[in-house]
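Thanks, everyone. Please have the structure open on your screens, and I'll walk you through it.

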Amino acid sequence: MNEAVPARWLIAVAALALATAACSDTASSSTAEAVGVVVPQDVTADEFMVSVILTDTGYEPEIIFIPAGRPVRLVLRNRGETEHHYRVAGLIPSDLRWRLEPELDSYDLESDPEFADAYVDDIEHILHHLTPTYVPFKEESQSGIKPIGNEVHGYTHRGDIDVLTFYALQTGSYDVIDELHPELTGTVIVFDPRVSVTS
């Protein structure tokens, strides 16, 4: 049975839509200068490093700030018991690279007892002794998720680290998502470092 929608309902819905649009326009016009600015890539700028700890209960810190246009080194450390992802939804990077760890062989372990002890006890100590390379691809994780480079996306396994380098050129606020643990969320705020904040 099809009943016609009363005209008063259509008028009420239209009025609500107009009121919402008016409020949105006011809010967006006041923040238009601070959101969505494209900043040119500055290859001469100092690298900005930020570290995030991934745990079974969340990201530490939950919110990070990244300067647009500068080279960024994002270090992810997994202190949880399972694989964790750090995907910044919608943040399209420029020159994204992931650290590729060198392979270890028996010569490395036999030639330096201190190095062998470090291999057993502390992966970060090993990385201090080795020279990693950075590549424009990331292998599929143990759970079968493969970052494809169209967003800032790293992952780590229990007790492991991941390092990404990139430029973020678009200012704004971006949600961080863990595909395996959707209850864990965070935020990346990309700001324009050329704009001085005055009180």
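**Contacts, core, sheet and salt bridges**

Let's start at Y86. Y86 touches V52, L54, Y59, I64, L74, L76, V152, H153, G154, V176, I177 and V188, leaving aside residues up to four places away in sequence. Contact here means heavy atoms within 4.5 Å.

A word on the source. This is a predicted model: local features need pLDDT of at least 70, side-chain atom pairs count only at pLDDT 80 or more, and totals for chains, interfaces and linings use all residues. Residues are numbered from 1 along each chain as its sequence is written, and side-chain values use heavy atoms, with hydrogens and water left out.

Now the core. Which residues of the largest nonpolar core touch the most other members? They are L74, Y86, F166 and V188, out of 24 residues. Such a core is a set of buried Ala, Val, Leu, Ile, Met, Phe, Trp, Tyr and Cys residues joined through side-chain atoms within 4.5 Å. Buried means under 20% relative accessible area, exposed over 50%, partly exposed in between, with a 1.4 Å probe and protein chains only. Several strands each supply at least two residues of this core, among them strand 4 (71-78), strand 5 (84-88), strand 9 (161-168) and strand 11 (185-191). Strands are DSSP runs of E, at least two residues, numbered from the N terminus.

Six strands form an open sheet, ordered 2-1-4-9-6-7, with mixed pairing. Its edges are strand 2 (59-60) and strand 7 (133-135), each pairing on one side only. Two strands pair if DSSP finds at least two bridges between them. Strand 6, residues 93-100, runs antiparallel to strand 7 over three bridges. There, L100 has T133 as its bridge partner.

Over to F48, in strand 1, residues 48-54. F48 has a relative accessible area of 24%, so F48 is partly exposed. Beyond four places in sequence, F48 touches F65, I66, P67, R70, P71, V72 and R73. Take R70: it sits 22 residues from F48 along the chain, yet their C-alpha atoms are separated by 6.9 Å.

On to charges. How many salt bridges does a search of the whole structure find? Six. A salt bridge is a side-chain nitrogen of Lys or Arg within 4 Å of a carboxyl oxygen of Asp or Glu.

Look at R87. R87 bridges to E151, with the closest N and O atoms 2.6 Å apart. That pair links distant parts of the chain: R87 is in strand 5, E151 in the loop between strand 7 and strand 8 (152-156), 64 residues apart. Both R87 and E151 are buried. R87 also bridges to E179, at 2.5 Å between the closest N and O atoms. E179 is in the loop between strand 10 and strand 11, 92 residues from R87. R87 counts as buried because its relative accessibility is 18%. E179 is at 32%, so E179 counts as partly exposed.

Another salt bridge joins R194 and D192, with the closest N and O atoms 2.9 Å apart. R194 counts as exposed because its relative accessibility is 53%. D192 has a relative accessible area of 14%, so D192 is buried. Shared partners join R87, E151 and E179 into one salt-bridge network.

Last stop, strand 3, where I63 lies. I63 is at 42% relative accessibility, so I63 counts as partly exposed.

Conventions
Helix = DSSP H or I, 4+ residues; strand = E, 2+ residues; numbered from the N terminus.
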